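Please read it alongside the sequence and the coordinates shown below.

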2 protein chains.
Amino acid sequence: MCYGAIEAGGTKFVCAVADENLKIIKKVQIPTTSPQETFKQIFSFFNAYDLKAIGIGSFGPIGTNPNQDNYGYILATPKKGWTNFDFLGTLKKRYDIPVVWTTDVNAAAYGELLMGAAQGKTSCLYLTVGTGIGGGVIMDGQIFQGIASPEMGHIYVKRHPQDEYEGICPYHHDCLEGLAAGPSLEARAGIKGQDLPIDHPVWDIQAYYIAQALMTYTLTLSPEVIVLGGGVMNQDHLLRKIRQEFTTQMAGYVETPDVEEYIVRWGLPNKSGIIGSLLLAQTIS
Amino acid sequence: MCYGAIEAGGTKFVCAVADENLKIIKKVQIPTTSPQETFKQIFSFFNAYDLKAIGIGSFGPIGTNPNQDNYGYILATPKKGWTNFDFLGTLKKRYDIPVVWTTDVNAAAYGELLMGAAQGKTSCLYLTVGTGIGGGVIMDGQIFQGIASPEMGHIYVKRHPQDEYEGICPYHHDCLEGLAAGPSLEARAGIKGQDLPIDHPVWDIQAYYIAQALMTYTLTLSPEVIVLGGGVMNQDHLLRKIRQEFTTQMAGYVETPDVEEYIVRWGLPNKSGIIGSLLLAQTIS
């Protein structure tokens with residue numbers, strides 16, 4: 001008997017199988033093509049194992065309210081062929097076992113809480129900054145969600161005084177994701193993020209927006225720790241700038257733990273999501 | 001046997017006593033002076049009753065984490081004499097009965113959920129817009145709080161394109177409270193809020209900021225319903241403008257219930273807080 005996990009992304013799916021101690025037995029990457037083709041490969045991977053339960057962390061937006069008809073579905077997504085796809089139903093039809101269904105960022109937050117940078121806490125917020133920006137939240141050791149899966153990367157932000165970039169979000173133009181995700185860095189500077197020199201002024205602008213978002217999350221959700229992950233966070237200097245900006249913008253108004261302990265880098269780089277999904281599978285079996 | 005409740009405000013305290021069916025037996029208003037003087041009057045009111053439990057909704061910021069030394073205290077407040085005052089301890093010393101301690105806005109949210117505009121729901125967000133802006137949240141029928149009492153009135157906001165007002169918050173200048181609480185209306189227009197004509201452009205600016213905050217709360221907390229209260233919300237036309245702006249700014253990105261049902265006016269005008277405090281007293285006795 002073993003646990004299965006799927007980290008479903010817009011570019012690739014990661015599928016893994018682990019033993020009862022959560023030691024990973026096998027892991028594969030499947031390119032995200034059509035739902036039919038992708039699921040054919042998913043089934044062909046999992047069919048070799050006697051699964052006890054599966055945990056899924058999926059790209060979104062997704063239906064997370066069990067009282068609604070769209071529960072388990074991928075909702076409106078620019079990813080061709082996936083809008084209104086019954087992800088959970090398709091899986092449950094093939095495997096008659098317990099399945100945990102949540103967002104990719106919630107799964108990552110759960111992974112970071114139990115085995116990553118938020119170990120020992122009962123709550124955490126995980127924010128990924130990459131091609132897009134998304135957040136997941138655990139409160140009292142449980143996935144936190146309201147009536148819809150939160151899309152906290154799309155909050156509006158106060159403008160940096162030196163920033164005149166119009167923003168890149170197709171829905172909101174200059175929301176957080178529109179102003180601070182990876183593509184905005186490149187659009188402002190004309191250089192890819194990973195090639196931008198450390199002293200490029202674009203980093204100050206990005207730190208300003210990320211820090212502001214962390215302040216908003218602190219004032220609304222008040223988690224014990226904030227864990228930052230995703231491609232952009234591979235830049236060491238950025239974390240320092242974000243912590244400085246957070247302190248400046250909060251202006252001492254609400255007490256948080258020391259910023260070095262409150263805002264931290266992921267403890268399971270590129271693995272939070274799949275490990276979190278395995279841990280979630282374990283909770284229901 | 002009866003229930004006691006205190007709604008503690010910076011200007012006045014409301015104290016009430018209700019019977020086992022929560023019918024209010026007596027209610028008094030006490031001006032907020034020094035802690036010593038104010039509590040002398042509180043004791044003199046409650047001493048006449050055989051109380052089973054007390055619910056408190058207090059102005060803040062307050063210590064709400066039972067694991068911290070400042071639990072039950074008023075924290076840094078501009079209100080003279082109240083910073084670091086042990087509110088809960090002072091009350092518990094006099095009355096050896098169960099006490100529920102939370103923020104004024106959490107108590108109001110609880111009142112609105114059980115007996116006001118959010119009846120029948122299991123979650124709601126209550127936002128008061130008056131001299132200041134504050135929010136309280138109930139999730140799964142329980143007060144929602146992280147490690148600190150959230151101060152969601154102080155989130156930063158994207159500027160309205162026609163607004164050049166610098167903002168009035170002593171900590172953050174142009175945060176939501178600094179740009180959209182009552183005093184900011186008056187400062188922009190030179191006329192008191194209640195005397196401003198309906199077609200004054202300042203209302204558009206205010207609706208823009210309040211709606212934006214509601215979008216942020218939706219994207220982070222995702223409650224079933226948002227209840228608006230406080231002095232500024234006595235303006236009928238403002239609620240309409242806020243709903244319109246909310247729809248525009250969200251741009252269809254996240255599904256919410258119909259905006260007429262999702263963003264509503266308080267059901268217990270000026271009473272949500274004291275009724276919520278009584279209901280909270282009932283929960284622990």
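Is B:K192 buried, partly exposed or exposed? In this predicted model, B:K192 has a relative accessible area of 42%, which means that B:K192 is partly exposed, since that category lies between 20% and 50%.

**Salt bridges within chain B**

- The side chain of B:K192 meets that of B:E186 in a salt bridge, with 3.9 Å from N to O, and B:E186 likewise counts as partly exposed, at 34% relative accessibility.
- A salt bridge also joins B:D236 to B:R265, whose closest N and O atoms are 2.8 Å apart.
- Because B:D236 lies in helix α7 (residues 236-250) of chain B and B:R265 in strand β10 (residues 263-265) of chain B, this pair ties together parts that are 29 residues apart in sequence.
- With a relative accessibility of 26%, B:R265 counts as partly exposed.

**Extent and make-up of the interface**

- Chain A gives 35 residues to the contact and chain B gives 35 residues, and the area buried between the two chains is about 3,400 Å², of which 67% comes from carbon and sulfur atoms.
- On the side of chain A, the residues that lose the most area to chain B are A:I147, A:Y156 and A:Y253, which together account for 22% of what that side buries.
- Across the interface of chain A and chain B, 16 residue pairs are found in polar contact, counting pairs with both residues at pLDDT 80 or more.
- The elements of chain A that give two or more residues to the side touching chain B are α6 (201-220) and α7 (236-250), and the largest share, 6 residues, comes from α6(A).
- Sorted by class, the side of chain A that touches chain B has 20 nonpolar, 10 polar and 5 charged residues.

**Salt bridges between the chains**

- The whole structure holds 18 salt bridges over all chains, and 2 salt bridges are found across the interface of chain A and chain B.
- B:K158 forms a salt bridge with A:D174, the closest N and O atoms being 2.8 Å apart; this pair crosses from the loop between β8 (142-143) and α4 (176-180) of chain B to the loop between β8 (142-143) and α4 (176-180) of chain A.
- Both B:K158 and A:D174 are buried.
- A salt bridge also joins A:K158 to B:D174, with the closest N and O atoms 2.8 Å apart.
- A network of salt bridges links A:K158, B:R159, B:D163, B:D174 and B:R188.

Note on methods: Residues numbered from 1 in each chain as written. Chains lettered and ligands numbered in written order. Predicted model: local features only at pLDDT ≥ 70, side-chain atom pairs only at ≥ 80, totals over all residues. Heavy atoms only, no water. Contact = heavy atoms within 4.5 Å. Buried area = accessible area lost by both parts, 1.4 Å probe. Salt bridge = Lys/Arg side-chain N within 4 Å of Asp/Glu carboxyl O. Polar contact = N/O pair within 3.5 Å; in protein donor to acceptor, adjacent residues only side chain to side chain. Helix = DSSP H or I, 4+ residues; strand = E, 2+ residues; numbered from the N terminus. Nonpolar A, V, L, I, M, F, W, Y, C, P; charged D, E, K, R; others polar. Buried < 20%, exposed > 50% of the residue type's maximum accessible area, 1.4 Å probe, protein only.
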